[in-house]
Amino acid sequence: MLTIAGTIAAACLALACACCLWRLVRGPTSLDRVLALDTLVMNSAALVVVFTIVHGREEMFELVFVISLLGLVSTLSLARFIETGRFGSDPFEEEGDG
Amino acid sequence: MAEVVVSVLLVLGAALALVGSWGVVVLPRFLSRIHGPSVVTTGGLGTLLLASLIWFWFDGGRLTGRELLVSFVLAVTAPITGHALSRAWLARHPKDPVDLGPGRDDS
Amino acid sequence: MNFTWLPWLALFGALLPGPLRRLRIDPALVAGAVATLGLGLLIRTTPEVVVLGQTLKSSVPWVPSLGLAISLRLDGLGFLMCGLILGIGLLVVLYARYYLKPEEATGRFYGPLLAFMGAMLGIALSENLLLLVVFWELTSISSFLLISFWQFSTDARRGARMALTVTGLGGLALLAGVIWIGQIVGSYELTQVIEHADVLKAHPHYPAVLCLVLLGAFTKSAQFPFHFWLPHAMAAPTPVSAYLHSATMVKAGVFLLARCYPFLAGTELWFYLVTITGMLTLLIGSFLALFQNDLKGLLAYSTVSHLGLITLLFGLDTDLAPKAALLHLLNHAVFKASLFMAAGIIDHETGTRDLRRLSGLFKPMPVTATLAIVAAASMAGIPLLNGFLSKEMFFTETLDADDIFGRSWILPVGATLASVLSVAYSVRFVRQAFFGPPATGLEKTPHEPPRWLRVPVELLVLLCIAIGVAPALLVGDLIHAAASACVQGELPPYTIALWHGFNTPLVMSIVALIGGILVYARRERLFRGVEARLSVSQGRRAFEGIVAALVGSSQRLERALRLDQVTTHLRGLLACAVLVSAWLLLPALARVSPTNTSGDLVLWVLCGVALFALAGVLLKSERPLTAIVYSSIVGLAVTLTFAYLSAPDLALTQLLVELVAILLLLAAVPHFGLPPRDKRSSPVRALDGALALGVGGAVTIGCWLMLSTDVASISRYFLEKSVPLGQGNNVVNVILVDFRGFDTFGEVTVLAIASLGILALFDHLAQRQAPSDLRPRTPLFLQSVTKLLLNLALLTAVFLFLRGHNAPGGGFIAGLTAAVGLVFVYQARNPTGAPARRPASMSRWLAAGVLLAALPGVAAMLFGRAFLTAGHVHLPLPLVGEVHLSTVLVFDLGVFVVVVATVLAILPTLGRLPLGKPTAEEER
């Protein structure tokens with residue numbers, strides 16, 4: 001039963017990851033991509049949790065912990081980078097608004 | 001018994017995460033898209049952690065604080081992420097109206 | 001202690017002056033102590049070496065496979081050289097102690113001086129020819145440091161570079177020659193080579209060998225046409241000139257001639273090459289010396305001419321010529337060192353060395369003047385002084401030598417002419433510096449120097465007179481022993497004496513004296529217009545022309561091959577990689593049978609995601625931020641793959657490295673600007689595409705081969721031995737810190753060195769502090785959360801570190817965790833990445849980390865175990881669980897410190913670099 005539930009959960013999470021990838025490709029702004037990345041990181045952490053439960057591999061828990069703690073760092077750095085943009089007019093900002 | 005609860009929680013958490021990510025896809029404006037992951041996906045992850053807590057408590061016979069710690073960290077970090085992203089957005093697009101009337105979001 | 005200690009004493013002593021100066025102890029003390037101790041050691045061998053003429057030897061293998069051994073010999077010749085090096089070295093140290101100002105970087109002076117002394121002693125004592133070359137190059141390097149001691153002076157830097165280039169190239173030629181000798185003879189040991197001298201001289205390659213060795217000797221002893229570096233080396237402080245350019249380094253070239261005399265000399269080719277080079281150098285040097293206005297320049301060209309004289313003597317085929325040469329080697333060192341020191345005193349007390357400005361110094365400084373006059377008289381070859389003795393012997397030998405080009409008069413006439421010129425410039429030196437009306441317009445009022453600045457000169461001049469009056473008594477045995485060692489055979493009986501009767505050499509001397517005075521008196525009429533044309537030395541012009549041509553052609557080559565572009569280098573590298581892998585992999589491919597490639601669905605999906613994101617990186621490479629996001633997804637997919645394959649250590653490492661990479665790229669991206677527009681032509685694009693496919697194919701095939709070939713895996717061994725041998729359950733960590741600890745130690749060291757390099761490269765470019773308008777205030781939400789996050793990250797790091805030996809974690813992972821947390825604080829506080837404090841102190845942390853990692857290894861060695869052997873203790877701790885305390889933990893702590901320091905050194909430094917304005921090309 002747990003295995004079935006785990007498979008369903010993994011499938012859901014995979015679908016969620018696919019959603020994030022769609023947004024990543026679509027953009028249209030860099031911030032959308034950063035948001036997609038952030039969501040993807042969270043979904044990955046969720047995948048690891050499911051894996052931990054289903055396979056009983058407790059030693060993976062450090063990974064979840066580090067992802068949750070430090071996954072934030074990449075998102076924040078990217079967001080702050082875009083916010084304060086070291087170029088006068090940010091050449092990385094792309095065409096159009098969301 | 002524990003297995004049933006954990007199974008339900010697993011599916012529920014994953015579904016929540018899916019809903020949050022789906023929000024990233026379908027919501028039309030950036031400021032609304034932020035809410036998907038920062039609220040729903042975080043909730044999904046929390047549910048999964050709860051499942052983990054219960055499972056290793058009943059199945060492994062050990063109650064550890066690590067799930068609670070991760071949940072705490074998530075609860076702290078998720079709003080920060082959302083806040084930082086919206087700040088960045090507003091810094092780049094100062095004209096984007098923040099205070100929206102009802103219904104505008106769905107247009 | 002015996003004579004073998006001599007070089008090492010000085011070389012290890014060279015390490016002391018720097019630290020001593022920091023302790024406010026005068027480094028001259030060490031230099032003086034080393035020289036005195038060395039002299040003591042040397043004198044103790046006098047009975048055997050000088051009186052009995054024995055040769056002392058000792059040998060320790062160094063690199064036996066190359067024939068390189070630390071074998072030393074002390075014979076009469078080496079004794080003479082060592083005596084000069086140590087004796088004059090001691091006087092020079094004493095002189096320099098009072099010559100240099102105390103506030104100058106004396107540590108940087110005495111260190112290279114001692115290194116130079118050690119290297120010279122090594123040359124004098126080498127039995128192994130390769131060892132001799134090693135010491136030879138060491139003299140070039142240490143003399144470079146000494147000449148450029150006053151780094152602020154362009155002349156000093158240029159002169160040092162010129163000296164290093166010329167003598168360094170000569171050293172390479174010598175190395176080639178020595179290796180060739182070793183190939184012919186079958187040994188590099190001097191004794192063996194001398195035994196096989198006949199084989200060597202009869203060998204068809206003998207002329208080439210001879211030319212290479214002579215090239216080394218001639219460049220070092222400033223023989224024509226390589227003489228030009230010596231006058232430019234006069235930009236060195238005077239003690240250096242007195243030591244290197246009169247007594248020792250230039251004598252190394254001549255010494256080499258003496259060393260090679262038994263196995264290279266005695267042929268027609270040697271006779272012509274050495275004699276003619278010596279004669280040309282003798283004449284040109286003495287002629288040019290006449291026109292120098294700089295006191296030291298005059299002495300430098302005079303040195304060139306005297307070195308020519310010694311070289312000429314070694315070229316002659318008479319039995320006594322080597323003896324005359326060695327006597328002059330000694331005499332010249334004594335009087336020229338005293339003259340240089342006197343010139344230094346004049347410079348020191350008057351502020352100038354220009355002979356046109358100096359005048360009438362006899363009155364204000366009578367003692368110094370008297371000393372200089374006596375030394376100059378010795379240089380001119382006045383009787384009762386040592387210079388006269390060797391000059392007389394020189395004349396005798398030129399008369400006895402074979403005819404050159406069938407003419408018997410060439411050598412004697414040339415010798416006399418050179419002596420005339422030598423007398424003329426000596427007179428000019430004395431007359432213009434010390435006599436005439438009192439000098440006006442000097443920066444300082446001339447007066448006698450401090451007592452101790454003059455003592456070395458007094459001793460040397462005393463020696464000039466003593467040797468001149470009683471040569472046989474003082475140096476007879478020494479020169480005899482040296483000359484016997486030089487020719488490796490019996491010498492005809494000959495006593496060095498003041499009076500040999502009224503003969504032709506005496507007439508030549510008298511002619512030279514009178515002629516020299518006449519030439520000086522009528523020099524204006526004789527050499528009208530010559531002086532102006534000699535203002536810039538031809539040698540220097542040629543040297544700089546060659547250097548400029550080399551640099552120019554390299555630059556043209558660089559432009560022609562587009563070497564300034566990274567892509568060119570990448571193409572070359574990758575093409576080589578493809579070729580090598582094709583050569584290695586394609587044959588192996590045939591032996592592989594197709595294997596089961598079905599695999600797991602999850603892995604295929606993860607692999608697909610990674611490929612998809614990789615495509616994103618490539619397609620979006622012109623939008624750096626997007627590319628960064630895509631690349632981090634590649635990392636995420638790989639992390640999940642590792643997690644799925646139950647490799648938590650790898651997953652953690654991958655995740656953290658990915659994070660650090662994002663931070664690094666964010667810090668670096670602003671400096672790159674926008675990538676330039678792709679201007680490649682379509683054939684080039686096709687070529688690049690093919691190259692990319694080739695590399696990708698090679699990697700794919702390599703991976704496939706590795707995965708499908710059945711090789712006895714070593715992982716089973718590690719899995720089994722991890723607990724019993726390494727006392728740890730986490731095999732990855734045990735391998736890292738214990739089984740392969742030495743590898744890790746090497747990697748950590750490399751990492752620290754690389755970070756130091758980055759710090760050195762960028763630190764001076766970095767802004768001390770960001771302008772305040774570039775530093776927006778930290779938003780409140782970040783202020784409130786950074787501390788919490790930092791503490792959590794550090795706590796996690798400690799946790800991962802402590803349990804690393806038994807569960808996922810370890811020094812590297814913990815280091816990255818802590819570093820990411822710390823860098824996050826930097827960035828949150830200041831998004832421009834410019835911290836207020838300089839990150840330069842990271843270099844200390846890097847060093848501390850490497851030392852910490854080495855500590856347990858060294859400790860194990862102290863207990864008589866192999867380097868990095870671990871010791872263990874198990875401790876149960878509350879909360880964390882059982883903690884495995886072992887020396888390995890200290891090692892891992894070193895890794896941790898280095899990793900944290902590296903990240904903290906690189907990232908903030910990059911963030912502090914000023915941004916260049918985007919160029920027009922970038923701003924499209």
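Me: How many helices and strands are there in chain A?
Reply: The model is a predicted one. Read along its sequence, chain A follows the pattern α-α-α. The count is three helices and zero strands.

Me: What percentage of the residues of chain A count as buried?
Reply: A residue is buried if 20 or more other C-beta atoms lie within 10 Å of its own. Chain A has 98 residues, and the part of them that counts as buried is 61%.

Me: Which helix of chain B gives the largest share of the side that touches chain A?
Reply: The contact takes 46 residues from chain B and 46 residues from chain A. On the side of chain B, α1 (2–26), α2 (30–33), α3 (35–58) and α4 (66–92) each supply at least two residues. The largest share, 16 residues, comes from α1(B).

Me: How does that side of chain B divide by class?
Reply: The side in question is the one that touches chain A. Its residues are 29 nonpolar, 11 polar and six charged.

Me: Where in chain B is the pLDDT below 50?
Reply: The mean pLDDT of chain B is 79, and 88% of its residues reach 70 or more. Confidence is highest in α1(B), at a mean of 87, and lowest in α4(B), at 82. A further stretch has three contacts in the model beyond near neighbours in sequence, and its pLDDT is below 50: residues 100–107.

Me: What classes of residue are on the side of chain C that touches chain B?
Reply: Five residues of chain C are in contact with five residues of chain B. On the side of chain C there are no polar and no charged residues, which leaves five nonpolar.

Me: What share of the contacts in chain C with a separation of 6 or more comes from residues 24 or more positions apart?
Reply: Chain C has 38 helices and four strands. Of its 924 residues, 47% are buried. For contacts with a separation of 6 or more, residues 24 or more positions apart account for 79%.

Me: Which residues touch the most other members of the largest nonpolar core?
Reply: The largest nonpolar core has 200 residues, and a second, separate core of 137 residues includes A:Cys19, C:Val609, C:Ala793 and C:Val898. Not counting residues up to four places away in sequence, C:Ala482 touches C:Gly76, C:Leu77, C:Phe79, C:Leu80 and C:Leu326. The residues of the largest core that touch the most other members are C:Leu326, C:Ala375 and C:Ala482.

Me: Are α16(C) and α17(C) roughly parallel or roughly antiparallel?
Reply: The axes of α16 (residues 295–315) and α17 (residues 321–350) of chain C come within 9 Å and cross at roughly 175°. Angles over 145 degrees count as roughly antiparallel. The residues of this contact divide into 15 nonpolar, four polar and two charged. The crossing angle therefore makes α16(C), relative to α17(C), roughly antiparallel.

Me: Is C:Val250 buried or exposed?
Reply: C:Val250 lies in helix α14 (residues 249–264) of chain C. Leaving aside neighbours within four places in sequence, C:Val250 is in contact with residues including C:Lys220, C:Leu230, C:Thr303 and C:Leu307. Because C:Val250 has 29 C-beta neighbours inside 10 Å, this residue counts as buried.

Me: What distance separates the C-alpha atoms of C:Val250 and C:Val304?
Reply: Along the chain, C:Val250 and C:Val304 are 54 residues apart. Their C-alpha atoms are separated by 8.9 Å.

Note on methods. Residues are numbered from 1 along each chain as its sequence is written. Chains are lettered from A and ligands numbered from 1 in the order in which they are written. This is a predicted model: local features need pLDDT of at least 70, side-chain atom pairs count only at pLDDT 80 or more; totals for chains, interfaces and linings use all residues. Two residues are in contact if their C-beta atoms, placed from the backbone, lie within 7 Å. Ala, Val, Leu, Ile, Met, Phe, Trp, Tyr, Cys and Pro count as nonpolar, Asp, Glu, Lys and Arg as charged, and the others, Gly among them, as polar. A residue is buried if 20 or more other C-beta atoms lie within 10 Å of its own, exposed if 12 or fewer, and partly exposed in between; C-beta atoms are placed from the backbone. pLDDT is the predictor's confidence in each residue, from 0 to 100. A nonpolar core is a set of buried Ala, Val, Leu, Ile, Met, Phe, Trp, Tyr and Cys residues joined through C-beta atoms within 7 Å. Axes are lines fitted to C-alpha atoms, for helices over the stretch in contact, and angles run from 0 to 180 degrees between N-to-C directions. Angles under 35 degrees count as roughly parallel, over 145 as roughly antiparallel, 65 to 115 as roughly perpendicular and the rest as oblique.
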